[in-house]
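Here is a short report for a first look at this protein. Keep the view open while reading.

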Amino acid sequence: MNLVVVELNKSYAVVTGSGGDKIRPDDVLSGQRRVEHDDRAGGGLRYRTDMTESLARTLGLPALDVAGVGSDWRPAETALGAALPNDYKRFINAHGAGRIDDHITVCAADGPHDGVDLVRHNIWAQECVRLDFGGLDNLVDRWHLGDASQWEPGRTEVPPWFEPGDNLISWGYTGSGDFLFWHVKPGVAADDWPVVFKEEGPYWEQYQVSFSAALVGLLTGEIQSEYLSRRLGGPHSYRL
């Protein structure tokens, strides 16, 4: 093992390096984890909105050249109820859906199968998150996540930064059951939406960075996610 502790408190330890999976306890503590926006957690990336060129280089992909190429985004954006961030569309137009380091799957508007189709994936992701917001007794209808009348009393499982009227759109997921979202806020331009990671358990992580900056941060170590970073090791790859 080659581990460096980058965060430590009574509830958890965050480490970087190899072998972290061998020391993670079997039981996951309940609660929410809001990552502070210092340089270690991606704060240094927050103003670099479009990092698609850097993302392509990090993944060993050809330089972006999307002239005359790309998806028809209108059906997906209509179904999702929002125009999507430009850096995400630029990357997908060039490279399509894929899996990063055989762990993070990135969906596309015209994904070749349901597992990578952006709209179909969001139906599943929203159903999973409604369980956190509304509890087991409120899973019948596809209610909007921002409808606070549907939340459990005390909003115990709703992250503190999520307000009535907000929404989540998932652009990816992992084989471990984690979701990767945009935090959609009314009146905020899509290119300014924060990125949110949600593990299969109770933890949420929010970063004030774009889709491409979040992935570059994860792959370079500038972002240290408690449950994503340890599964991403070089040389990096992107393929279905």
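## Terms and model

A salt bridge is a side-chain nitrogen of Lys or Arg within 4 Å of a carboxyl oxygen of Asp or Glu. That rule is needed for the charged pairs described further on.

This is a predicted model, in which local features need pLDDT of at least 70, side-chain atom pairs count only at pLDDT 80 or more, and totals for chains, interfaces and linings use all residues. Residues are numbered from 1 along each chain as its sequence is written, and side-chain values use heavy atoms, with hydrogens and water left out.

## Overall layout

The protein has 5 helices and 9 strands. Helices (H or I, at least four residues) and strands (E, at least two) are DSSP runs, numbered from the N terminus. Read from that end, the order is β-β-α-α-α-β-β-α-β-β-β-β-α-β.

The protein holds 240 residues, and 50% of them count as buried. Buried means under 20% relative accessible area, exposed means over 50%, and partly exposed lies in between (1.4 Å probe, protein chains only). The exposed surface comes to about 11500 Å², with 49% supplied by carbon and sulfur atoms. Such areas come from the Shrake-Rupley method with a 1.4 Å probe; for residues, only the protein chains shown count as cover.

Contacts tell of the fold too. A contact means heavy atoms within 4.5 Å. Take the contacts between residues at least 6 apart in sequence: 53% of them join residues at least 24 apart.

## A covered helix

Helix α5 spans residues 211–220 and is mostly covered, with 9 of its 10 residues buried. The buried residues include Phe211, Ala214, Leu215, Val216 and Leu218. Gly221 follows α5 and has a positive phi, near 90°.

## Aromatic pairs

A pair of aromatic rings is described by the distance of the centres and the angle of the planes. Here, rings of Phe, Tyr and Trp (its six-membered ring) pair if their centres lie within 6.5 Å; planes under 30 degrees apart count as stacked, over 60 as edge-to-face and the rest as tilted. The whole structure contains 17 aromatic pairs.

One of them joins Phe133 and Trp151 edge-to-face, at 5.9 Å centre to centre and 85° between the planes. This pair links distant parts of the chain: Phe133 sits in helix α4, Trp151 in the loop between α4 and β5, 18 residues apart. Both residues are buried. Phe133 also pairs edge-to-face with Phe162, at 5.0 Å and 80°. Phe162 belongs to the loop between α4 and β5, 29 residues from Phe133. Phe162 is buried, as is Phe133.

Ring pairs also build a cluster. Its members are Trp73, Tyr88, Phe91, Trp171, Trp182, Trp193, Phe211 and Tyr238.

## Charged pairs

Side chains of opposite charge can pair when their charged atoms come close. How many salt bridges does the rule give? The count is 8.

Lys89 and Glu77 form one of them, at 2.9 Å from N to O. Lys89 lies in helix α3 (residues 86–95) and Glu77 in helix α2 (residues 74–80), so the bridge ties together parts that are 12 residues apart in sequence. Both Lys89 and Glu77 are buried. Glu127 and Arg142 meet at 3.8 Å, N to O. Glu127 is in helix α4 and Arg142 in the loop between α4 and β5, so this pair ties together parts that are 15 residues apart in sequence. Glu127 is partly exposed because its relative accessible area is 34%. Arg142 has 60% relative accessibility, so it counts as exposed.

Asp132 and Lys198 meet in another salt bridge, at 3.3 Å, N to O. This pair links helix α4, which holds Asp132, with strand β7 (residues 195–198), which holds Lys198, 66 residues apart. Asp132 counts as buried because its relative accessibility is 16%. Lys198 is buried, with a relative accessible area of 3%. Lys198 also lies over the face of Trp204, 5.3 Å from the ring centre. A charge sits over a ring if NZ of Lys or CZ of Arg is within 6 Å of the ring centre and within 35 degrees of the ring normal. Elsewhere, salt bridges link Asp50, Glu53 and Arg90 in a network.
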